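Here are my notes on this model. Please read them beside the coordinates.

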Number of protein chains: 2
Amino acid sequence: MPADSSATKARILAAGERLFAESGFEAVSLRGVAREADVQIALVHYHFGSKEGLYKAVWAQRYAGLADLRQARLPTVDFDRERVAVLRDLVDLFVTPLMAGPDAHRFLKIMAHEYADPREPERGVVKAYIDPVTRQLLDAFRKALPGLADADVGWGYQAMTGALMMNVVDVDRATRLTGGAARSGDTKAALPALREFIVGGWLALADRRQAGGSAQDAAEGETRQALPE
Amino acid sequence: MPADSSATKARILAAGERLFAESGFEAVSLRGVAREADVQIALVHYHFGSKEGLYKAVWAQRYAGLADLRQARLPTVDFDRERVAVLRDLVDLFVTPLMAGPDAHRFLKIMAHEYADPREPERGVVKAYIDPVTRQLLDAFRKALPGLADADVGWGYQAMTGALMMNVVDVDRATRLTGGAARSGDTKAALPALREFIVGGWLALADRRQAGGSAQDAAEGETRQALPE
DNA sequence: AGCGATATTTAGCAGATGATCAAATACGAT
DNA sequence: ATCGTATTTGATCATCTGCTAAATATCGCT
């Protein structure tokens, strides 16, 4: 077999991954990828068929790693413990891939852009790649919080995902708004806070029924009614 | 002044708002807007100068309403109460504009897309419109949770924002993953859970120092170290 | 050396997009 | 009625996009 095709192919893949992480699928041009990989545009099509093919190749290469990180640890979680302890483990399972090196973090940015992309359904990578793992995690949270309604498990998971993704997507807003106290790219610093926030969110959700004094509930009702429209 | 320019201008604005809410700034074409408004493309430029001009006109028209809803209520919050009660009010302040009618919800979708858009800095609407209000809310949360470090206030706010935005952006995933128990567009159903989650998150963040048994902390440390790369 | 298969380059196409300009139209004031 | 201005239209540009076909290069094999 002629030429070292695998090397250039890998170079294109890496270039694509970098740009997709920066800007998301739509905003990346194949010309940009070609320039970044120091390659002709047609070569991208030769190796990956299409822009979407390149994108999905990135997913195929990287998602497995993230998924394994979660799936491998899931069976080791001991559900016969204090609720908080189990939750901490599960949230950790969900959130720590962030720190699994720059590669994982870069791909997480791709995931975050994908979640928010209005054209995501056309590609279907979330459904194909992420959903299977998510179902397992949903089951795990359902198991950890047996009293929680199925709908609330869904909302909780959604909130958790959103909290994480916003952190990943943010480029400079946190820095700007906190005057540098929280630096936007610094996930290492954000992670403990994020994890604590999410665990607390799940707990509050699970304790919803018995929580909330009647005085506050009344005030809330009033608040809601007072809003226009 | 001839012709009823204001009517067609409003029609274009409404069409733009609808499409921007569906697909975000980049994915909307002026041709689509023109078709939706039953108008020639050039007319969009005549009235709004550019695509970005139309987009910013939508912001100018709608953001004030959302901001007022928050800013008007902010001074009425009584900080001399139980921490939980104050937090509930603040989170409510942040989150209830969701329910202020279909217009507000549509614009919230625009906001959500804007947050996640990698090209957002080029437009700067977040910085120009949202940030000022956000700074006030950040101060309020800082005031409500005096022990919390500035950085953590930032991370908490970011997590809160993300949780809300993910709910708004999601089109069908929640439905798909919960088998219909949680329906994606049903913000009315999601809102109580979302609010509870967020309040719980803030509380957990505030109690971070004294929380967490040493056994769990040890387990966490181990977890983190065990991750590859 | 020369053949065949794989890689890579060159050049270009068709489509869509945002934007622009001159001409046409509609309207109000005079 | 007519003029002048505001509004609307139609046609067109320049640019960018993903993509493709054909020519060329590179290598292993016999």
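1. Helices H2 and H3 of chain A are roughly perpendicular to each other (the term covers 65 to 115 degrees), because their axes cross at roughly 95 degrees. H2(A) spans residues 30-37, H3(A) residues 41-48, and the axes come within 8 Å. Axes are lines fitted to C-alpha atoms over the stretch in contact, with angles from 0 to 180 degrees between N-to-C directions.

2. Which residues of H2(A) and H3(A) meet? A:Leu30, A:Arg31 and A:Ala34 sit on the H2(A) side, and A:Ile41, A:Val44 and A:His45 on the H3(A) side. Contact means heavy atoms within 4.5 Å. By class, the contact has 4 nonpolar, 1 polar and 1 charged residues.

3. The model is predicted: local features need pLDDT of at least 70, side-chain atom pairs pLDDT 80 or more, while totals for chains, interfaces and linings use all residues. Residues are numbered from 1 along each chain, chains are lettered from A and ligands numbered from 1 as written, and side-chain values use heavy atoms, without hydrogens or water.

4. Chain A has 12 helices and 0 strands. Helices are DSSP runs (H or I) of at least four residues, strands (E) of at least two, numbered from the N terminus.

5. Of the 229 residues of chain A, 54% are buried (under 20% relative accessible area, 1.4 Å probe, protein chains only). Among chain A contacts between residues at least 6 apart in sequence, 71% join residues at least 24 apart.

6. A rotation of 180 degrees, with 0.0 Å of shift along its axis, superposes chain A on chain B at RMSD 0.1 Å (least squares on C-alpha atoms of residues with pLDDT of at least 70 in both). That is the relation of a two-fold axis. The same surface serves both copies: 96% of chain A's contact residues recur in chain B.

Terms used. Buried < 20%, exposed > 50% of the residue type's maximum accessible area, 1.4 Å probe, protein only. Parallel < 35°, antiparallel > 145°, perpendicular 65-115°, else oblique. Nonpolar A, V, L, I, M, F, W, Y, C, P; charged D, E, K, R; others polar.
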